[in-house]
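Have the structure open as you read.

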Amino acid sequence: MNKRKFLTGLVALGVIGTLLSGCGKSNKSDSGSADGKTTITFWSAPNSTQLSFWKDMAKEFEKNNSDIKVEVSQMKESPSSEATIQSAIASKTAPTISENINRSFASQLADSKEIVALNDIAKFKDVVKVRNMEKTISSWEFSDGNQYVLPVYSSPNLVAWRTDILKEIGITEVPKTYSDVLEVAKKLKEKYPDKVVWANSSLIDSSATNRWGDFFPLYYAASNGNQFIQNGKLVADGSAATKV
């Protein structure tokens with residue numbers, strides 16, 4: 001397989017998530033087929049909308065690259081997408097390209113030499129420029145100076161409130177600060193001793209795969225977007241972290 005040719009073409013099309021490599025080993029996910037075409041695999045994030053989108057994108061890519069066949073499938077998320085990718089690497093069935101990889105996990109893959117540096121691929125800079133992502137991508141640079149992940153979407157964490165209950169306890173505005181939340185809890189207990197302010201258990205899980213949905217969104221809000229590490233140095237806002 002001419003992997004360099006494929007990756008270049010894919011980047012030029014703008015169809016890219018995170019690129020995984022097999023460290024030069026034979027890999028089921030990027031092999032030749034009976035019709036002489038190069039077959040590569042793309043794992044979409046585990047939801048039907050993105051699966052449908054990437055299947056359509058693969059068809060468009062194949063129209064302009066008749067020697068390549070793109071197989072798109074939805075990645076498994078049990079017990080986690082990270083575990084799924086690790087298992088695939090161990091069994092030599094890793095995809096050529098995958099979505100749903102956060103920056104910290106990508107760093108581990110980079111340290112293990114299991115991921116391709118995007119900036120080494122021709123036309124990667126063109127994709128960044130066309131998407132007007134120069135400022136965004138600069139903050140995604142890894143400690144070794146390479147880019148391993150192209151952020152193509154974000155997963156915002158939202159807070160939902162039962163506004164009918166808020167009104168019942170005398171709260172007329174949606175809580176915006178930590179103090180507001182504590183006030184809701186206090187008034188809720190006064191009127192309904194058995195009720196509690198509830199947090200989704202998946203967002204308060206201290207495991208590595210879930211910390212991005214718990215601590216970091218609140219830290220970035222409390223610190224006005226302050227980073228944790230810049231130029232290899234710890235620059236975290238200790239006061240904001242303590243408040244979170």
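Is Ser-223 buried or exposed? Ser-223 counts as buried, because its relative accessibility is 8% (buried is under 20% relative accessible area, exposed over 50%, partly exposed in between, with a 1.4 Å probe and protein chains only).

## Ground rules

This is a predicted model, so local features need pLDDT of at least 70 and side-chain atom pairs count only at pLDDT 80 or more, while totals for chains, interfaces and linings use all residues. Residues are numbered from 1 along each chain as its sequence is written, and side-chain values use heavy atoms, with hydrogens and water left out.

## Around Ser-223

Look for Ser-223 in the loop between helix H9 (215-222) and strand S6 (229-230). Helices (H or I, at least four residues) and strands (E, at least two) are DSSP runs, numbered from the N terminus.

The Ser-223 side chain reaches the backbone nitrogen of Asn-226 at 3.1 Å. Setting aside neighbours within four places in sequence, Ser-223 is in contact (heavy atoms within 4.5 Å) with Asp-237 and Ala-240.

## Rings on rings

Rings of Phe, Tyr and Trp (its six-membered ring) pair if their centres lie within 6.5 Å; planes under 30 degrees apart are stacked, over 60 edge-to-face, and the rest tilted. That rule gives five aromatic pairs. Take Phe-42 and Trp-54: their ring centres are 4.8 Å apart and the planes sit at 40°, so this pair is tilted. It ties together distant parts of the chain, with Phe-42 in strand S3 (residues 38-44) and Trp-54 in helix H2 (residues 48-64), 12 residues apart.

Both partners are tucked away: Phe-42 is buried at 3% relative accessibility, and Trp-54 is buried at 5%. Ring pairs also bring in Phe-53, making a cluster of Phe-42, Phe-53 and Trp-54.

## Charges over rings

A charge sits over a ring if NZ of Lys or CZ of Arg is within 6 Å of the ring centre and within 35 degrees of the ring normal. Arg-103 lies over the face of Phe-142, 4.6 Å from the ring centre. Lys-195 has its charged end over the ring of Tyr-192, 5.5 Å from the centre.

## Nonpolar cores

A nonpolar core is a set of buried Ala, Val, Leu, Ile, Met, Phe, Trp, Tyr and Cys residues joined through side-chain atoms within 4.5 Å. The largest one has 15 residues, and Ile-85, Ile-101, Ala-106, Leu-109, Ile-115 and Tyr-148 have the most contacts inside it. Helix H3 (81-90) and helix H4 (103-111) each supply at least two of its residues, and H4 gives the largest share, four residues.

Another core, of 10 residues, lies apart from that one; Phe-42, Trp-54, Val-70 and Val-72 are among its members.

Technical notes. A polar contact is a pair of N or O atoms within 3.5 Å; within protein, one must be able to donate a hydrogen and the other to accept it, and residues adjacent in sequence count only if both atoms are side-chain atoms.
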